[in-house]
Amino acid sequence: MGFRCGIVGLPNVGKSTLFNALTQTQAAQAANYPFCTIEPNVGQVAVPDERLEKIAAIAKSAKTIHTQLAFVDIAGLVKGASKGEGLGNQFLANIREVDAIVHVLRCFEDDDIQHVSNKVDPIADAEVVETELLLADLESLEKRVENARRRATGGDKEAKALVSVLGQALDLLKDGKPARLTQPNDDEEAALFEQAQLLTAKPVLYVCNVAEEDAATGNALSEEVFAKAEREGAQAVIVSAAIESELVEMEQEDRTEYLESLGLEESGLAKIIRAGYRLLGLQTFFTAGPKESRAWTFPAGAKAPQAAGEIHTDFERGFIRAETIAYDDYVALGGEGAAREAGKLRQEGKEYLVQDGDVMLFKFNV
């Protein structure tokens, strides 16, 4: 299951520094969570999850394989991108191809690093990008909704649903609000809304790039961004690109010690990766055995056959049942055998809603 988060940001906000930290192959090879470059501007990174390490230790697995996310370094943007200015067309095309937007915002003062607007204002910076996405969506929707309204007057049922959900999105856009605040009335409208592929419908994670001394607590600028995220139903994290660029040069032990000295429990990049995973509404189930323990990504609300399909389409097509152990039971009892004896291994069928952390073995017949 491939998910892509596009990293965007104006010049001199720290976007390149953070992406470069993500793509430091040498550092990643020394870390617990592997990295590989799959394209010049795409980095595939493992999602940190301590649960997998514990499961692998109990199962005495030879290999441990984390679930992954792709981060894409999106082309730069200037005002007028929605009309094709600068790299506008490329920027908008790249945004359409990602599942979520990671928006890096400058929340630090530094006289040696000039801001494109000659002032540090993360909210204004965010609005530059948002305005271009909003204008592109407006242009896309106005004709579409108008055509749907004409068809709806003739009794077209799908057109009526389109008018309902896309008309709501259009009203939001005209009010300067992102389309992701749209609330479809039913599953049909939800499907139509998703098919519209609106840029402002994509979930957003704001990354507040702060100075080193603010990495643990944030500052007044980052507080403004967090308030904005809450209003919009988006998410935000605090990161110091300066710290991240230092971390990539360190061995793992030195990193841990350095982070502790700064009052940090984990790196900013780990926070971004984890937040990106949550942002997309993703959860994790595990498989465990002597050969390998592995984390698998699935969308929240998926049933057992869908989760099985993340391993192989044959597993979903021929699904019979899933032997399932809750993570807490697996760890507390010390593995599959003890969980089975204690009656904590459950036989679940096709209607079972997979829970985050489930340790599963699928039975299937093709």
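Predicted model: local features only at pLDDT ≥ 70, side-chain atom pairs only at ≥ 80, totals over all residues.
Now the overall count. Searching the whole structure turns up 15 salt bridges. I will walk through a few of them.

Start with D49 and R51. Their side chains meet in a salt bridge, N to O, at 2.9 Å. Are these two buried or exposed? Both D49 and R51 are buried.

Next, helix α5, which covers residues 122-152. Here R150 pairs with E146 in a salt bridge. The closest N and O atoms are 3.3 Å apart. How far apart are R150 and E146 in helix α5? They are 4 residues apart, so about one helical turn separates them.

On to helix α13, residues 313-317. The salt bridge there joins R317 and D314. Its closest N and O atoms sit 2.5 Å apart. The spacing along the helix is 3 residues, about one turn. Now look at accessibility for this pair. R317 is at 60%, so it counts as exposed. D314 has a relative accessible area of 24%, so it is partly exposed.

Where is D156? D156 is in the loop between α5 and α6. Its relative accessibility is 30%, so D156 counts as partly exposed.

Last stop, A270. You will find A270 in helix α11, residues 268-279. Why does A270 count as buried? Its relative accessibility is 11%, and the cut-off for buried is under 20%. A270 and P48 are 222 residues apart along the chain. Yet their C-alpha atoms are separated by 6.7 Å.

To recap the pairs. D49 and R51 form a salt bridge, and both are buried. R150 bridges to E146, within helix α5. R317 bridges to D314, and both lie in helix α13.

Methods: Residues numbered from 1 in each chain as written. Heavy atoms only, no water. Salt bridge = Lys/Arg side-chain N within 4 Å of Asp/Glu carboxyl O. Buried < 20%, exposed > 50% of the residue type's maximum accessible area, 1.4 Å probe, protein only. Helix = DSSP H or I, 4+ residues; strand = E, 2+ residues; numbered from the N terminus.
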